[in-house]
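Subject: Handover of a structure, with notes

Dear colleague,

I am passing this structure on to you, and I would be grateful if you kept it open while you read the notes below it.

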Amino acid sequence: MPRNVKASAEKSPAPLMPLADAESAFRRQHPEYGTTLPLDELRVTEYGRLDEGGHVFLDYTAGGLYADSQVRDHAELLRGNVFGNPHSTNPASLAMTERVERVRAFVLEYFGASPDEYEVCFTQNASGALRLVGEAYPFSAGSHYLLTFDNHNSVNGIREFARARQARVTYAPVLPPEMRIDESRLAAWLDEPGDGVANLFAYPAQSNFSGAQHSLEWIERAHDRGWDVLLDAAAFVPTNRLDLGRWLPDFVPISFYKIFGYPTGVGALIARRSALARLHRPWFAGGTITVASVRGDRFFMAEGAQAFEDGTLDYLSLPAVEIGLRHIEQVGLDLIHQRVHCLTGWLLEALLSLRHSDGRPIVRVYGPPDANDRGGTIALNLYDTNGHFIDHRIVEQRANEARISLRTGCFCNPGGGEVALGLSADELTSCFIRSRDHLALDEFRRCIDDKSTGAVRVSLGIVSNFADVYRFVAFVSNFANRTASEA
Ligand SMILES: Cc1ncc(COP(=O)(O)O)c(C=O)c1O
């Protein structure tokens, strides 16, 4: 139990210490948090709108928050320049081409990636980057697509491309309650001989469901056995350093709005040049070719990143990517990481110590129960005084009323959700068989009957503070001694 949550009384649930006392105790427990205090100042100067409405924002894994200066600097840049569609020789176009290439170079620099080793293809988002890999990866009969249960749907979706080309698809399990990879089984699959065909291993550096961080050491292990590696870094990079000078995954999809909030609509596939060269795109488009002919019925793909950027880029947004990355650098990614780490540790401890009067826990966490090898994303469900789960939609409704922004459901990570919530393949299949082509979410919930079909997710980020996590714990403590119907 954290020292700043009072011991449980016999009949009534433990009252929380007042915020100021709890924060003092927290700071004594985490002296390293002191180094992150400039982030409190940053919250006031750059994210002031957050506190104007008494808002508790706990949805960073879905989308980060932007600083006022990012929007201002971007607007000023647009107002002070004449930017045209890039890739022509007119001055407005040249000015934009120069900017786009500068952003591309800066993305590599930010991730410590050598331009000799890596390329940056701009996409609409991480899903767009994943689709580029899926549709162009040289799967064939005998190939293997190996992925962890814990993956975003846009990584799961690649299995359809793999199957369409007769490749084998295997899911490597993650183990509840901590939601870590089953290492021996994964190692056994990676050890299987590759037979000279293309084999792809895909996993998230950090789970967007449980926050578990899966070891980056798997990249080298898989490479040593001839696999290509797709490292989904979308949920990892907002609060962790990914050093692509040290780790060399072949494909890295990201969405920039998850790192710094603005702009939306831009992501990237950061890919090793050698891996990119092995992809075969299923079509060509404006911008992706050097020459295409109608009468001659031929086309010649452009080299490198250009071959993967269909049509016109969201070119006016791209300078805001550099502004955003420079903002994070200036604030200090290590500082952000440290703060999120400390707050996550306290939040987990406080949540897990909340009890009904009879000693039953109120909270069940799906994922690592402490701050080790995990990020600031926590999936959980609340349980009532009879030990029955409280529907996550009710929790979300109550949180909305308290101006707490959190998220519920499975967060586009069905494998993580099914493992965490104990939904078996048989149960799922029987629901799917009953309902031919269409299955509405509510029908699915009724079919799954007595189990929760989703979880509550809270996630921390750049300007999270102690008051945010304290207010969430206070919110959850209000469920003490309630039955599900009273919630
Ligand atoms: C781990 C992970 N991968 C991929 C995605 C997809 O990102 P986007 O919706 O921006 O394409 C997300 C989004 O939440 C994510 O968390």
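This is a predicted model: local features need pLDDT of at least 70, side-chain atom pairs count only at pLDDT 80 or more; totals for chains, interfaces and linings use all residues.

Residues are numbered from 1 along each chain as its sequence is written, and side-chain values use heavy atoms, with hydrogens and water left out.

**Pockets and cavities**

Rolling a probe the size of a water molecule over the atoms shows where empty space is left. The search used a 1 Å grid over the protein atoms alone, where a cavity is a set of points at which a 1.4 Å probe fits but cannot get out, a pocket is an open set with protein on both sides within 12 Å along at least five of seven lines, and lining residues have an atom within 4 Å of a point. Grid points are joined across faces, edges and corners, and a volume is the space filled by probe spheres set on the points.

The largest pocket has a volume of about 710 Å³, and its lining consists of 42 residues, with His152, Cys410, Phe411, Cys412 and Asn413 nearest the centre. Among the elements that each supply at least two residues of this lining are α6 (126-136), α15 (392-401), β16 (407-409) and α18 (441-448); helices (H or I, at least four residues) and strands (E, at least two) are DSSP runs, numbered from the N terminus. By class, the lining of the largest pocket has 17 nonpolar, 16 polar and 9 charged residues, where Ala, Val, Leu, Ile, Met, Phe, Trp, Tyr, Cys and Pro count as nonpolar, Asp, Glu, Lys and Arg as charged, and the others, Gly among them, as polar.

The second largest pocket holds about 510 Å³ of space, and of the 19 residues that line it, Phe149, Arg159, Tyr171, Glu418 and Leu428 are the closest to its centre. Its lining takes at least two residues from each of α7, α8 (158-164), β4 (168-172), α16 and α17, and it divides into 9 nonpolar, 6 polar and 4 charged residues.

**Rings and charges**

The structure holds 18 aromatic pairs, meaning rings of Phe, Tyr and Trp (its six-membered ring) whose centres lie within 6.5 Å, with planes under 30 degrees apart counted as stacked, over 60 as edge-to-face and the rest as tilted.

Tyrosine 137 lies in the loop between α6 and β3 (144-148) and phenylalanine 251 in strand β9 (residues 251-255), so the pair ties together parts that are 114 residues apart in sequence.

The charged end of arginine 246 sits over the ring of tryptophan 247, 3.8 Å from its centre, by the rule that NZ of Lys or CZ of Arg is within 6 Å of the ring centre and within 35 degrees of the ring normal. Arginine 326 is placed likewise over the ring of phenylalanine 106, 4.0 Å from its centre.

**Cysteines and backbone**

The count of disulfides (pairs of cysteine sulfur atoms within 2.5 Å) comes to 0. Cysteine 121 is buried at 0% relative accessible area, and cysteine 342 is buried at 1%.

Most residues other than glycine have a negative phi, and most peptide bonds are trans. The bond from proline 176 to proline 177, however, is cis, with omega near 5°, and a cis bond with omega about 10° joins tyrosine 262 and proline 263. Methionine 179 has a positive phi near 65° and is buried at 1%, whereas aspartate 297, with phi near 50°, is exposed at 64%.

With best wishes

Methods
Buried means under 20% relative accessible area, exposed over 50%, partly exposed in between (1.4 Å probe, protein chains only).
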